[in-house]
Amino acid sequence: MTAVTDDVTRAPQRPPRSGGMGRLAAGSPLRAAAGFALAAAVLFGVAPVVLPDFRLNLLAKYLCLAIVAVGVGLAWGRGGLLTLGQGVFFGLGGYAMAMHLKLADAGAGNLPDFMALYGQVERLPWWWRPFANPFVALAATVVLPMAVAFLLGSLVFRRRVRGAYFAILSQALAAAMAIFLIGQQGTTGGTNGLTDIRGFFGYNLDDPVNQRTVYFLIAGCLLLLLALARHLMRSRYGELLVAVRDAEERVRFLGYDPANVKLVAYVVAAGMAGLAGALFVPAVGIISPALIGVVPSIEFVIGVAVGGRATLVGPALGAVAVAWAKTALSERFPSAWTYFEGLLFVLPVAFLPGGLASLLGVLRRRRSAQRNGEVAQ
């Protein structure tokens with residue numbers, strides 16, 4: 001019993017640190033701080049100087065997708081929860097933010113422009129009214145997705161639904177939400193969604209200076225959430241989450257409830273997706289069912305798989321790389337870019353299972369093997 005407990009709950013033994021190499025070893029606080037400093041320098045210093053406004057706005061969009069990927073990496077990479085329905089939480093956060101911004105653009109007592117255009121409603125629906133308050137709207141972008149994830153996760157995990165069944169269920173939820181939004185044209189904008197968002201808490205989004213401010217806000221949120229994910233992964237909870245992924249019955253035997261462990265990861269990932277959706281709206285100016293259905297949810301997972309789901313920064317880098325490749329390929333190969341996007345997912349999974357984040361490690365091991373072979377000869 002003691003041996004089993006030690007295997008699951010005790011932190012893995014790390015080699016003793018010596019000198020500078022120990023302080024810069026993988027996972028060390030100094031190396032993590034250096035990594036965050038480098039990322040901050042690139043996002044806040046290099047990118048705004050090098051990229052034109054159009055490309056910087058695209059990068060802001062990609063960083064929103066990277067925030068979703070960080071949550072997926074926590075839930076899937078550490079917890080083994082293949083979440084194919086993150087579009088639901090992304091959409092909840094996005095629509096909550098867009099509803100407030102549309103009401104602010106319309107002015108007090110006026111209907112949003114699309115409601116007046118379609119002519120299907122004469123008064124503002126009751127469930128729109130709370131979003132006129134900016135504090136309610138901001139809280140809803142995170143709390144609402146987390147609440148939905150808590151309810152769904154409580155029902156699913158306590159019935160020990162996992163693996164492919166959980167993935168299919170989460171994907172069906174994304175499809176159902178997209179269909180629901182399309183069917184409510186008078187109150188949600190239908191297929192078009194909520195578009196032509198011009199202001200962001202009193203700031204005109206047509207102004208390039210304000211667009212850059214939105215970019216900086218998104219980049220800052222990404223770094224903060226990466227820090228939060230690192231803290232969770234390296235905490236006792238993170239070790240327990242990995243134990244649940246690898247030996248769920250063993251963890252249950254030790255007195256822990258695996259359902260609660262998985263629920264926390266699922267809820268945190270949902271909150272990150274909701275925040276990403278809220279930030280996506282001022283960055284792009286639109287939220288629609290096409291951005292939150294089955295296909296976007298799968299693309300979130302593709303980005304995480306390409307980057308490396310078991311690492312901290314791999315999911316974020318993979319999401320940015322896949323989104324950038326999608327834009328670049330669609331510009332150059334308008335009729336065939338989807339095939340290239342499929343290859344982006346197939347090739348890393350087939351030849352680099354650890355994702356792009358493991359590439360340096362693979363090259364390092366090959367060099368070491370070659371050196372050992374030369375020495376043996």
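Biologist: Why is Arg 55 called partly exposed?

Modeller: In this predicted model, Arg 55 has 35% relative accessibility. Buried means under 20% and exposed means over 50%, with partly exposed in between, so Arg 55 counts as partly exposed.

Biologist: What makes the pair Arg 55 and Glu 331 a salt bridge?

Modeller: Their side chains meet at 3.6 Å, N to O. The criterion is a side-chain nitrogen of Lys or Arg within 4 Å of a carboxyl oxygen of Asp or Glu, and the pair meets in a salt bridge. Arg 55 lies in helix α4 and Glu 331 in helix α15 (residues 314-332), 276 residues apart, and the pair thus links distant parts of the chain. Glu 331, at 47% relative accessibility, counts as partly exposed.

Biologist: How do you know that Asp 53 and Arg 212 form a salt bridge?

Modeller: The closest N and O atoms of Asp 53 and Arg 212 are 3.4 Å apart, and the limit is 4 Å. Asp 53 belongs to helix α4 (residues 53-78) and Arg 212 to helix α10, so the pair ties together parts that are 159 residues apart in sequence. Asp 53 has 33% relative accessibility and counts as partly exposed; Arg 212, with a relative accessible area of 26%, is partly exposed.

Biologist: How many salt bridges does a search of the whole structure find?

Modeller: The search finds eleven salt bridges. One of the pairs is Glu 249 with Arg 252, where the closest N and O atoms are 2.9 Å apart. Both residues lie in helix α12 (residues 248-253), three residues apart, which is about one turn of the helix. Glu 249 and Arg 252 also take part in a network of salt bridges that links Arg 162, Glu 248, Glu 249, Arg 252 and Lys 262.

Biologist: Why is Arg 252 called partly exposed?

Modeller: The relative accessible area of Arg 252 is 23%. The buried class ends under 20%, so Arg 252 is partly exposed. Glu 249, at 42%, is partly exposed.

Biologist: What makes α3 and α10 roughly antiparallel?

Modeller: Helix α3 and helix α10 (residues 208-234) pack at an angle of about 170°, with their axes 11 Å apart. Angles over 145 degrees count as roughly antiparallel, and α3 and α10 are therefore roughly antiparallel to each other.

Biologist: Which residues of α3 and α10 meet?

Modeller: On the α3 side, the residues are Pro 29, Ala 32, Phe 36, Ala 39, Ala 40, Leu 43, Phe 44, Ala 47 and Pro 48. In α10 they meet Arg 212, Tyr 215, Phe 216, Ala 219, Gly 220, Leu 223, Leu 226, Ala 227 and Arg 230.

Biologist: Why is α4 called oblique to α11?

Modeller: Helix α4 and helix α11 (residues 236-246) pack at an angle of about 50°, with their axes 8 Å apart. Roughly parallel requires under 35 degrees, and roughly perpendicular runs from 65 to 115; the angle of about 50° makes α4 oblique to α11. Leu 74, Gly 77 and Arg 78 of α4 make the contact with Leu 241, Val 242 and Arg 245 of α11.

Biologist: How do you know that Val 50 is exposed?

Modeller: Val 50 has a relative accessible area of 60%, and exposed means over 50%. Val 50 lies in helix α3 (residues 29-50). Together with Leu 38, Val 42, Val 46 and Val 49, Val 50 makes a nonpolar surface patch of about 490 Å².

Biologist: Why is Thr 187 called buried?

Modeller: Thr 187 has a relative accessible area of 13%. Buried means under 20%, so Thr 187 is buried. Thr 187 lies in helix α9 (residues 185-188). Apart from its neighbours within four places in sequence, Thr 187 is in contact with Phe 114, Met 115, Val 121, Pro 125, Trp 127 and Trp 128.

Biologist: Where does Phe 201 lie, and what is its phi?

Modeller: Phe 201 is in the loop between β1 (199-200) and β2 (203-204). Its phi is positive, about 55°, although Phe 201 is not a glycine. At 32% relative accessibility, Phe 201 counts as partly exposed.

Terms used. Residues are numbered from 1 along each chain as its sequence is written. This is a predicted model: local features need pLDDT of at least 70, side-chain atom pairs count only at pLDDT 80 or more; totals for chains, interfaces and linings use all residues. Side-chain values use heavy atoms; hydrogens and water are left out. Patches are made of residues with over 30% relative accessible area and no salt bridge: like charges are joined within 9 Å, nonpolar side chains (Val, Leu, Ile, Met, Phe, Trp, Tyr) within 5 Å. Accessible areas come from the Shrake-Rupley method with a 1.4 Å probe; for residues, only the protein chains shown count as cover. Helices (H or I, at least four residues) and strands (E, at least two) are DSSP runs, numbered from the N terminus. Buried means under 20% relative accessible area, exposed over 50%, partly exposed in between (1.4 Å probe, protein chains only). Axes are lines fitted to C-alpha atoms, for helices over the stretch in contact, and angles run from 0 to 180 degrees between N-to-C directions. Contact means heavy atoms within 4.5 Å.
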